[in-house]
Amino acid sequence: MTRIVVAGPRGKMGYEAVQLCIKEQDLTLVAVVDSKHDGMRLSDFPEFSDVDVPIYTEMDRCFSEQNVDVLVDLTTPAFGKKHMEIAFLHGVRPVVGTTGFSDQDISDLTRLAEEKQLGAIIAPNFAIGAILMMKFSQLAARYMPDVEIIEQHHDQKLDAPSGTALKTAQLIAQERQPKHQGHEQEVEERAGARGADYEGMRIHSVRLPGRVAHQEVLFGGEGQTLSIKHDSLNRKSFMPGVKLAIDQVLKLETLVYGLENLID
Ligand SMILES: NC(=O)C1=CN([C@@H]2O[C@H](COP(=O)(O)OP(=O)(O)OC[C@H]3O[C@@H](n4cnc5c(N)ncnc54)[C@H](O)[C@@H]3O)[C@@H](O)[C@H]2O)C=CC1
Ligand SMILES: O=C(O)C1=N[C@H](C(=O)O)C[C@H](O)C1
C-alpha cells in the first residue's frame, strides 16, 4: 500500500488525483495539503463527502505527523520547488505535475534528490498521448529542423509557455542545431507576434475559456508540412500517467524530469 498526500486537492487536477487514490486499491490517501482550511477534514466539502482525511496548510507539519511515501503535487508554479524541498527533508518522494520550473530549479532539485538518494518525478505532462507527441516531434526535428509550437490552454493557467511546450522544445533542441527561423530582416510590428524564442524555435501560447490542454507542433520543409497534434479533452486523461509515476518513483533514487524517460 502506497501512502499518498495530495497537495492542491481542491484544484482541477488535485480533484482527479484524490479520485485516483480512492479508485486504486494499492494507494491510500492519508492527508491533503491545501492553501487554506487547516484542521478541517476533506470530507467537510460536499464533493469529497466520502474522503475523510485531514487537511494541512503546512506541508512540514503534515509530513511530521503522518507516515507518507509519496507527495503528489498539483499546485502552482510558486510552490512546486518549495514543496519538493520539504518532501525531501522528510524522506517523502515527490511526484510533481505542477509546471513553471526553470532549468536551474531542475538542476537544484536533481542535486537534492541525489544527496538524499530519493526518487522524484517532475512530469510537465502526464498524458500518454502528449508524451508520444513530444517523442514524435523530437524524431521529426532530426529531418525537418524548421519547427514552431502552438500550445492552447484554458484561461486560468498561470505559466506561459506551458511546461509541455518547454519540454517539447528542449527535446527537439537535442536533435537540431540552434537555427534562426523566418526572414533575417523580419520585424515584429507588435511585441510578441513571433512568440517566445527557444534556440530559434518559436512557441506561441493561446489562452481561451473552453480549452483544456492542446499542443500542435508544426514542421515545414520545401513543398511540405507536418503537424503533430495532441488534445487533452479532460483531466482524467492525465491520471494513468500519475499512477505510473507513483509506481515508478518508489523504485528510483534520483530525479526524473519527464515521463518519456520512464516509457520505452
Ligand atoms: N503535468 C500535467 O500533466 C499537468 C499539470 N498541470 C499543472 O498542475 C498545476 C495545477 O493545475 P490545475 O489543477 O489546473 O490548477 P488549479 O488552479 O485548478 O489548482 C491549483 C490548486 O492548488 C492550490 N494551492 C495553491 N497554493 C497552494 C499551496 N501552497 N499548498 C497547497 N495547495 C495550494 C489552490 O488552492 C488550487 O486549489 C499547474 O501548475 C498546471 O500547470 C495541469 C494539468 C496537467
Ligand atoms: O495547466 C494546465 O492545464 C496544464 N499544464 C501542463 C503544462 O503546462 O504543460 C500540462 C497540460 O498541458 C495541462
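Tutor: We'll go through domains, then a helix pair, then the ligands. This is a predicted model, where local features need pLDDT of at least 70, side-chain atom pairs count only at pLDDT 80 or more, and totals for chains, interfaces and linings use all residues. Residues are numbered from 1 along each chain as its sequence is written, and chains are lettered from A and ligands numbered from 1 in the order in which they are written.

Student: Which domains does the domain assignment of the chain give?

Tutor: Domain bounds come from an automatic or database domain assignment. Here that gives domain 1 (2-122 + 236-261) and domain 2 (128-233). Their C-alpha centres are 28 Å apart. Each side puts residues into the contact, eleven from domain 1 and eleven from domain 2, where contact is C-beta atoms, placed from the backbone, within 7 Å.

Student: And what does UniProt place at residues 3-126?

Tutor: UniProt positions are in the numbering used here, feature names are shortened, and annotations may be inferred rather than shown by experiment. An unreviewed UniProt entry puts "domain: Dihydrodipicolinate reductase N-terminal" there. That stretch, residues 3-126, is 35% helix and 20% strand; helices (H or I, at least four residues) and strands (E, at least two) are DSSP runs, numbered from the N terminus. The unreviewed entry also places "domain: Dihydrodipicolinate reductase C-terminal" at residues 129-262, a span with 28% helix and 28% strand.

Student: How do the axes of helix α3 and helix α4 cross?

Tutor: Axes are lines fitted to C-alpha atoms, for helices over the stretch in contact, with angles from 0 to 180 degrees between N-to-C directions. For α3 (residues 80-89) and α4 (residues 103-116), the axes come within 10 Å and cross at roughly 5 degrees. That makes the two helices roughly parallel, a label for angles under 35 degrees.

Student: Which residues of α3 and α4 meet?

Tutor: Lys81, Met84, Glu85 and Phe88 in α3 meet Asp105, Leu109, Leu112, Ala113 and Lys116 in α4. By class that contact has five nonpolar, no polar and four charged residues. Ala, Val, Leu, Ile, Met, Phe, Trp, Tyr, Cys and Pro count as nonpolar, Asp, Glu, Lys and Arg as charged, and the others, Gly among them, as polar.

Student: Which residues come nearest to ligand 1?

Tutor: A residue is near a molecule if its C-beta atom, placed from the backbone, lies within 6 Å of it. Of the 24 residues around ligand 1, the nearest are Gly8, Gly11, Met13, Gly97 and Phe126. Helix α1 (residues 12-23) gives the most to this shell, three residues.

Student: What about the residues around ligand 2?

Tutor: They include Thr99, His153, Lys157 and Ser162. That shell divides into two nonpolar, six polar and one charged.

Definitions and conventions:
Angles under 35 degrees count as roughly parallel, over 145 as roughly antiparallel, 65 to 115 as roughly perpendicular and the rest as oblique. Two residues are in contact if their C-beta atoms, placed from the backbone, lie within 7 Å.
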